[in-house]
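Student: Could you walk me through reading a model like this one, feature by feature?

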Amino acid sequence: MNPIEITYNDEVGFLDDKRDWKKWIMDLLLMAKKEIGKDTNLEMSINFVDEAKSHEINLKYRDKDRPTDVISFAIEDGEEGLDMSEFFADPDFQEDIGDLFMCPSVIKRHSVEYGTGFDREFGYTVVHGFLHLNGYDHIKPEEAKEMFGIQGKVLEEYGLPLYPNQLDKGRGK
């Protein structure tokens with residue numbers, strides 16, 4: 001059993017690239033999983049979609065009238081009283097954390113706008129979405145500092161360039 005089981009749905013041919021994106025994604029997610037101290041085996045899906053689909057999902061579920069880089073749907077979102085300890089004790093248990101919808105063309109556009117380069121922006125987006133699936137958020141300043149601190153540490157350890165204040169403020173721009 002893999003520590004993270006990922007199901008891919010690629011509507012835009014992103015994974016057709018000669019680069020081994022699945023290994024790249026897995027390496028980043030395993031680092032993030034370790035950083036947040038998650039011991040259970042995880043299950044999730046990553047869906048690569050075009051801007052029209054991203055826009056549609058963003059409008060329907062977030063009331064934002066534009067495409068976005070990543071949208072996360074956490075399985076346990078809002079289930080604060082749920083006691084999972086009985087399941088965690090089972091070595092064969094796999095925790096389904098949810099689904100990511102990623103839009104490579106928006107990620108590419110952001111990489112140009114922020115001057116980060118595609119690799120760094122893609123890594124940022126993958127880790128960002130994964131942290132949302134695991135209950136992290138950045139609405140309140142203290143939450144943002146924690147979430148972006150984790151993101152920054154993972155990206156730095158993976159060798160992706162950071163802005164000086166990324167550890168507190170996300171992209172740093």
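Student: What should I know before I begin?

Tutor: This is a predicted model, so local features need pLDDT of at least 70 and side-chain atom pairs count only at pLDDT 80 or more, while totals for chains, interfaces and linings use all residues. Residues are numbered from 1 along each chain as its sequence is written, and side-chain values use heavy atoms, with hydrogens and water left out.

Student: How many helices and strands does the protein have, and in what order do the elements run?

Tutor: Helices (H or I, at least four residues) and strands (E, at least two) are DSSP runs, numbered from the N terminus. Here there are seven helices and four strands, and from the N terminus the order is β-α-β-α-β-α-β-α-α-α-α.

Student: What share of the residues is buried?

Tutor: Buried means under 20% relative accessible area, exposed over 50%, and partly exposed in between (1.4 Å probe, protein chains only). Of the protein's 173 residues, 41% count as buried. Its accessible surface, computed by the Shrake-Rupley method with a 1.4 Å probe, comes to about 9600 Å², and 47% of that belongs to carbon and sulfur atoms.

Student: And what do the contacts say about sequence separation?

Tutor: A contact means heavy atoms within 4.5 Å. Taking contacts between residues at least 6 apart in sequence, 67% join residues at least 24 apart.

Student: Which residues of α2 are buried, and what do they pack against?

Tutor: The buried ones are S54, I57 and N58. They cover an arc of only 100 degrees around the axis, so they sit on the same side of α2; the arc is that of the directions from the helix axis to the C-beta atoms. The buried residues of α2 pack against β3 (70-74) and β4 (94-102).

Student: Which exposed residues are on the face turned away from that buried side?

Tutor: That face of α2 carries A52, E56 and K60.

Student: What is worth noting about the phi of D63?

Tutor: Most residues other than glycine have a negative phi. D63 is not a glycine, yet its phi is positive, about 60 degrees. D63 belongs to the loop between α2 and β3, and it counts as exposed because its relative accessibility is 65%.

Student: Which residues does the UniProt "binding site" annotation cover?

Tutor: UniProt positions are given in the numbering used here, feature names are shortened, and annotations may be inferred rather than shown by experiment. In this unreviewed entry, the annotation covers H128, H132 and H138.

Student: Where does H128 lie, and is it buried or exposed?

Tutor: H128 lies in helix α5 (residues 118-133) and is buried, with a relative accessible area of 9%. Not counting residues up to four places away in sequence, H128 touches V70, H138, M147, F148 and Q151.

Student: What about H138?

Tutor: H138 is in the loop between α5 and α6 (141-158) and is partly exposed, at 31% relative accessible area. With residues up to four places away left out, its contacts include H128 and H132.

Student: Which side chain makes a polar contact with that of H128?

Tutor: A polar contact is a pair of N or O atoms within 3.5 Å; within protein, one must be able to donate a hydrogen and the other to accept it, and residues adjacent in sequence count only if both atoms are side-chain atoms. The side chain of H128 makes such a contact with the side chain of H138 (3.2 Å).

Student: Which polar contacts does the D69 side chain make?

Tutor: One is with the side chain of T68 (3.3 Å), and another, of 3.5 Å, joins D69 to the side chain of H110. D69 is in the loop between α2 and β3 and is buried, with a relative accessible area of 9%.

Student: Finally, how far is L15 from F48?

Tutor: L15 and F48 are 33 residues apart in sequence and 8.7 Å apart in space, C-alpha to C-alpha. L15 lies in the loop between β1 (4-10) and α1 (21-35). Leaving aside neighbours within four places in sequence, the residues in contact with L15 are Y8, D10, W21, K22 and F48.
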